[in-house]
Amino acid sequence: MVSGKGGWFYGWYFKCQSDTQTMAVIPAVHRTGTKRTCSVQIITEEQSWTVSFPGEAFRKRGRAIFIGKNRFGKSGIRLSVCAPGLKAEGKLAFGDLFPLRYDIMGPFLLVPFLECRHSVWSMKHRVWGNVSVNGKIFSFDGAQGYWEGDRGRSFPEEYIWTQCSFPEGALMLSVADIPMVGFHFRGLIGVVVLDGREYRFATYLGAKISEIGKGRVKVTQGRMELEAQLLERTGKPLKAPAQGDMSRTIHESAACRARYRFRKDNRTLFAFESDWASFEYEINV
């Protein structure tokens with residue numbers, strides 16, 4: 001959990017996806033000045049919702065967090081949200097998680113004053129259960145799950161984030177503007193899980209951004225190369241933190257068309273297009 005006198009936030013992102021439906025749920029707690037609040041956001045292919053809660057609705061118990069009657073943790077999600085414009089009820093159970101070998105931030109985990117720190121709790125796991133969102137049933141029977149989190153003061157001013165599961169594995173890539181001690185640089189973290197093996201890209205491992213712009217980003221690291229391209233923009237609005245205040249609006253495509261390619265040792269290990277990619281392209285190039 002983030003502490004201190006300034007604004008801060010702490011949030012998790014759970015994505016659940018079947019062959020026909022996508023739903024992501026984002027519980028978070030945030031503070032600006034002396035005021036603490038929390039929120040639950042839900043995003044689907046068609047719509048997004050943000051529901052605010054008072055700060056006292058937030059509780060943490062072990063590896064689980066509670067916001068009102070809602071519960072989130074490694075075993076699954078329980079939703080019970082009733083607010084103007086949104087009624088969401090249901091339970092989802094998770095199978096065995098697929099954590100990374102070590103923290104995605106690497107040595108940057110120890111760097112003070114970073115405005116945002118990222119976590120990846122599970123690259124891929126199974127999801128079972130049903131959730132009703134305003135009367136529409138989202139049904140997951142052994143569907144694909146993904147779980148990550150963020151904590152700090154603010155989301156990066158500019159960034160790209162994408163995540164996609166596919167039959168042989170899953171991937172995540174994030175490129176962000178990082179302010180540090182009076183200067184800015186573009187850093188990156190990313191992971192490809194392919195046939196049970198982890199391939200990691202990171203600035204702290206020597207990864208470079210070789211191309212960026214027009215919805216496309218390509219990163220290289222040694223003999224590896226990962227490329228992601230957003231092919232359609234279907235973004236729905238979500239709230240994001242700025243100095244702990246959930247006042248910024250970003251746009252996420254929870255399930256959109258994107259193209260990916262991963263190469264190693266001059267061999268293409270995969271190249272595909274997917275209609276089930278998640279993408280946030282918050283960068284002005």
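**The salt bridges and their setting**

A: The protein has zero helices and 21 strands, where helices (H or I, at least four residues) and strands (E, at least two) are DSSP runs numbered from the N terminus. A word on the basis: this is a predicted model, in which local features need pLDDT of at least 70 and side-chain atom pairs count only at pLDDT 80 or more, while totals for chains, interfaces and linings use all residues. Residues are numbered from 1 along each chain as its sequence is written, and side-chain values use heavy atoms, with hydrogens and water left out.

The C-alpha trace spans about 50 × 45 × 35 Å along its principal axes. Of the 285 residues, 57% are buried. Here buried means under 20% relative accessible area, exposed over 50%, and partly exposed in between (1.4 Å probe, protein chains only). Among contacts with a separation of 6 or more, 54% come from residues 24 or more positions apart, a contact being heavy atoms within 4.5 Å.

Now to your request. Searching the whole structure turns up 14 salt bridges, each defined as a side-chain nitrogen of Lys or Arg within 4 Å of a carboxyl oxygen of Asp or Glu. One of them pairs R101 with E198, whose closest N and O atoms are 4.0 Å apart. R101 belongs to the loop between β9 (86-94) and β10 (116-133) and E198 to strand β15 (residues 197-202), so this pair ties together parts that are 97 residues apart in sequence.

Another bridge runs between E227 and R216, with the closest N and O atoms 2.6 Å apart. Since E227 is in strand β18 (residues 224-230) and R216 in strand β17 (residues 216-221), the pair ties together parts 11 residues apart in sequence. E227 is buried, with a relative accessible area of 11%, and R216 is partly exposed, at 21%.

R257 and E273 form a further bridge, their closest N and O atoms being 2.8 Å apart. It links distant parts of the chain, with R257 in strand β20 (residues 245-264) and E273 in strand β21 (residues 267-282), 16 residues apart. Both ends are partly exposed: R257 has a relative accessible area of 27% and E273 one of 37%. Some bridges also share partners, and these join E211, R216, K218, E225, E227 and R261 into one network.

What of the nonpolar side? A nonpolar core here is a set of buried Ala, Val, Leu, Ile, Met, Phe, Trp, Tyr and Cys residues joined through side-chain atoms within 4.5 Å. The largest such core has 33 residues, of which M23, V40, I42, F72, L79 and L92 touch the most other members. Strand β1 (residues 8-17) gives the most to this core, with five residues. A second, separate core of 30 residues includes I43, L114, V120 and A240. As for V40, its contacts beyond four places in sequence include V25, W49, F53, I67, F72 and L79.

S48 is a handy polar residue to look at alongside these. It is in strand β4 (residues 48-54) and is buried, with a relative accessible area of 15%. Beyond four places in sequence, S48 touches I42, I43, K236, P237 and L238. Its side chain reaches the backbone oxygen of P237 at 2.6 Å.

Lastly, the cysteines: the structure holds zero disulfides, a disulfide being a pair of cysteine sulfur atoms within 2.5 Å. For C82, the nearest cysteine sulfur is that of C38, 16 Å away, and C82 is exposed, with a relative accessible area of 68%. C164 is in no disulfide either, with the sulfur of C256 the nearest at 8.8 Å, and at 0% relative accessibility C164 counts as buried.

How values were computed: A polar contact is a pair of N or O atoms within 3.5 Å; within protein, one must be able to donate a hydrogen and the other to accept it, and residues adjacent in sequence count only if both atoms are side-chain atoms.
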